[in-house]
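Me: I would like to go through some helices and strands of a protein model. Please show it first.

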Amino acid sequence: MSEHHDPLTHALQPEAGRRQFFKLVGAGAGTLAAGSLPLVSPQAFAATTNHVMGEPQPAFALDPAILYMNVGTTGSTPIHLLKAFDDYNREVARNPRETLGGTTPMREAIAPGFGCETEELVMTYNTTDGMNKILAGVELNAGDEIITTNHEHPGGNGPMNLLAWRKGVVIKRVELPVGNNQTAQDYVNLFAAAITARTKAFVFSAPTYLTGTMLPYKRLAMLAQQNNIMTIVDGAHATGMFNIKFHETGIDFWGCSGHKWQCGPGGTGILYIRNRVSSFNPRPLFNFWPTNTNNTALTGPRTTANAASYQIGSKVQSIGNPNYPMLKVLSECCTYWDQIGRAAIEAHDLALSAYLKQKIAQVWGTAKLYSPMNDPELVSALTSFNPFHGPSLALAAGTSAATAESAQSSTFVERMRTQYGIVIRNTAVPVPGSTAAHHPLRISTHLFHSTQDVDRLVASMRELTKLMLAGR
């Protein structure tokens, strides 16, 4: 099938929005299954190959014998940046006072790609580091309420729990729906119903790490602004996957990863602190005190205009002697994504995710999906499903059935790796109506994957499902 006549390929041009893409592929599973295409976004996929002396060379150091589809845990740094990392480390080792230009130019290079100002962006050491900096710095006191979800990562739960234990902040969790029968408005309704006069913050993941559901952050930001509530997002899986423009989200704080979908070195992250007033969020920033920093200012800065009122990014970035080589490579990895085109990468990732979800629906049925696939506001490049059962299965905590379900899922993941050379993972998902967590598989589709990889994955999972159901 030529690219000219392929509806998938046409949907993946950088200017195509997410809604337009889903309109184009919304004809159903038959459209997506029409052929095993070598790629779905030429612009994005081309970046996975370098041409050295006219010969194609891989741009990523991934083991060719392994199909790695667990980017949601950690990504793979491009080869040319691995060399740069080594060079920078050697340079600093030769001259320990070498700063590689300092962190300000690095932040200046990153900020435009994320749609924010330099003074709103901090390079951190992972999402957890960012979430701790945020929650330790915002003004929350005894009796104040945080509305969060039952699908949060420990990187967010930890600092929230610390606020509850040390300050008496009240943590209220909304129970998230699981599966394909949900809409973006469902999440807004859940948060809206939980608001009281004491609600001071929304804390949620976008996407969630358990099912890959992309919470409708713009709708939730609007709801929060209408009720004078701050918004804090765990965006570990947003940076590098989505074409996120922080200003346009209307969110106050994002704590994100640099080493997952962004494919920077391990131990890197991105933190956004809104330091502007705009049409996307006309309210001043809530009081925030920088923590884990050399900054000695004891005031809580408030932004009141569309201009920097306080050099907040520099204050939070200042932590003494950082790992300059690591942060320099993160900066260069972000600009590499900018050169490829973040819109093209997002389109590629989501197209593969849609292709995978449709394949799963064909083979196992939509009832086995833990991730939504119909509402474009809720999709991400993380796909969660269980080949043996769906979210409707009721499991009781502590029972043999719950133990067997967990073991079955872990066995499936291990056999996919050892027998088929494919790396995926599973998660433990709270499901309404079940007192024990379910353990669906979680699959990542990213820049260096193609529809051929998805075809191989689905064929392997189908075969293994049959083997395990037959007791083999």
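Predicted model: local features only at pLDDT ≥ 70, side-chain atom pairs only at ≥ 80, totals over all residues.

Me: In which sense do β5 and β6 pair, parallel or antiparallel?
Reply: Helices (H or I, at least four residues) and strands (E, at least two) are DSSP runs, numbered from the N terminus. Two strands pair if DSSP finds at least two bridges between them. β5 (residues 145–149) and β6 (residues 170–174) have 5 bridges, and Ile147 stands opposite Lys172 in β6. Their sense is parallel.

Me: Which residues of α8 are buried?
Reply: Buried means under 20% relative accessible area, exposed over 50%, and partly exposed in between, with a 1.4 Å probe and protein chains only. Contact means heavy atoms within 4.5 Å, and the cover over the buried residues of α8 includes α7 (127–137), β5, β6 and β7 (199–205). Those buried residues are Gly155, Gly156, Asn157, Pro159, Met160 and Leu163.

Me: How far apart are the end C-alpha atoms of α14?
Reply: The expected span of a helix is 1.5 Å times one less than its number of residues. α14 (residues 342–363) has 22 residues, so it should span 32 Å. The distance between its end C-alpha atoms agrees with this: 32 Å.

Me: At what angle do α13 and α14 pack?
Reply: Axes are lines fitted to C-alpha atoms, for helices over the stretch in contact, and angles run from 0 to 180 degrees between N-to-C directions. Cys334, Trp337, Asp338 and Ile340 in α13 (residues 324–340) meet Arg342, Ala344 and Ile345 in α14. Angles under 35 degrees count as roughly parallel, over 145 as roughly antiparallel, 65 to 115 as roughly perpendicular and the rest as oblique, so α13 and α14 are roughly perpendicular. The axes are 5 Å apart, and the angle is about 80°.

Methods:
Residues numbered from 1 in each chain as written. Heavy atoms only, no water.
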